[in-house]
Amino acid sequence: MAEVREFLKARGYPDWIIERIQACFSSVRELSMVPPGVLAESCGVDAKVAREIVRQAAEATVSLRPAIEVARTPKKYLKFLVKSIDELLGGGLPRGSLVEIYGEPGVGKTQTALHLAVNALLPTDEGGLGGRVVYVDTEGGFSPDRVAAMARARGMEPESALERISVAEVRTVEALLVALTRARDEVRAGAVLVVVDSLLSPFRQEYSGLGMLAARQQRLAAALGELGRAADLGAVCVITNHVIGKTGGLQRYSPAGGYVLGHAPDPVLLIRRSVRNRRILSVVDSSHLPPGEALFAITEAGLVDVEGLA
Ligand SMILES: Nc1ncnc2c1ncn2[C@@H]1O[C@H](COP(=O)(O)OP(=O)(O)OP(=O)(O)O)[C@@H](O)[C@H]1O
Ligand SMILES: [Mg+2]
């Protein structure tokens, strides 16, 4: 916060602008990454002023660095702790990524989200990220009982797990956007995982019909932008999504949300049914992973490898 204050003060901005901006953004780097329109809207400042602030923040923070330095920065992963899936994903879900998990109703998206929420609480040497979790629930699917069962299965006190997961129950798009802003504050304060289960649900209810498409995509882009900024701060962000039917072609389903959602998440993962409690998780789209599949099962303990299961 002090960093943003000093930065704006040195450039001669009036106190009222500084107050508003430092309430929303905690570092100059963060300021350099926000679209000026979002800065103008969220802080109530003029669009031209917002653009100038973002430009100045970029001047101060954007640098070119050798790729070897990037390569040497160790990657930190949130593991599924399911061998088949972690291998498929090259170690797990990297910090700073926005991950989409989509699939048919009842396939296990919520179970997967809860599973990841519990894993994130584990210390890093056990495959977690050792931090708090924000769970934004738009469908009423958050289950403390399931969290408790999965925590127990990992040798964790259920109470200690539940204390470290903050849940926001939202039903409208505007409430979702408020929850995401709060989630970003939590990430700044050390939260390591933000889950939105599911992202599209409130949009489906409020923005139905073709006439509302433009408004819907604008609000959806705002939600994704907020999640992208939480990811830039180092969190893993996981969104779940339903499917829309697609006839013909190799890919039988595609995720809902259209092109706005299409390019934001990386990787995009699909869950499909196999026999009984078996499921198949596949990498549908990723900037760094080849397409592939992993078999797993959903049990009382959460997601598990099928090897050794009856
Ligand atoms: N305690 C449990 N033990 C074993 N399996 C469970 C348990 N609880 C739920 N499941 C499995 O999880 C499935 C439901 O998964 P989940 O609710 O995650 O689906 P979803 O993809 O989120 O569906 P929706 O799109 O309707 O939200 C159930 O069919 C069941 O097989
Ligand atoms: Mg669900």
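Mentor: P267 sits in the loop between α14 (258–262) and β10 (268–273). This is a predicted model, so treat each angle as computed. The peptide bond between D266 and P267 is cis. Its omega is about 5°.

A cis peptide bond also joins D197 and S198. Here omega is about -10°. S198 belongs to the loop between β6 (193–197) and α12 (201–206).

Now turn to phi. R276 has a positive value, about 45°, although R276 is not a glycine. Its place is the loop between β10 and β11 (278–285). Is R276 buried or exposed? R276 has 10 other C-beta atoms within 10 Å, so it counts as exposed. The cut-off for exposed is 12 or fewer.

L81 is another non-glycine residue with positive phi. The angle is about 60°. L81 lies in the loop between β1 (77–78) and α7 (83–88). Its surroundings are a separate matter. L81 has 21 C-beta neighbours inside 10 Å, so it counts as buried. The cut-off for buried is 20 or more.

Positive phi occurs at L81, which is buried, and at R276, which is exposed.

Technical notes. Residues are numbered from 1 along each chain as its sequence is written. Chains are lettered from A and ligands numbered from 1 in the order in which they are written. This is a predicted model: local features need pLDDT of at least 70, side-chain atom pairs count only at pLDDT 80 or more; totals for chains, interfaces and linings use all residues. Helices (H or I, at least four residues) and strands (E, at least two) are DSSP runs, numbered from the N terminus.
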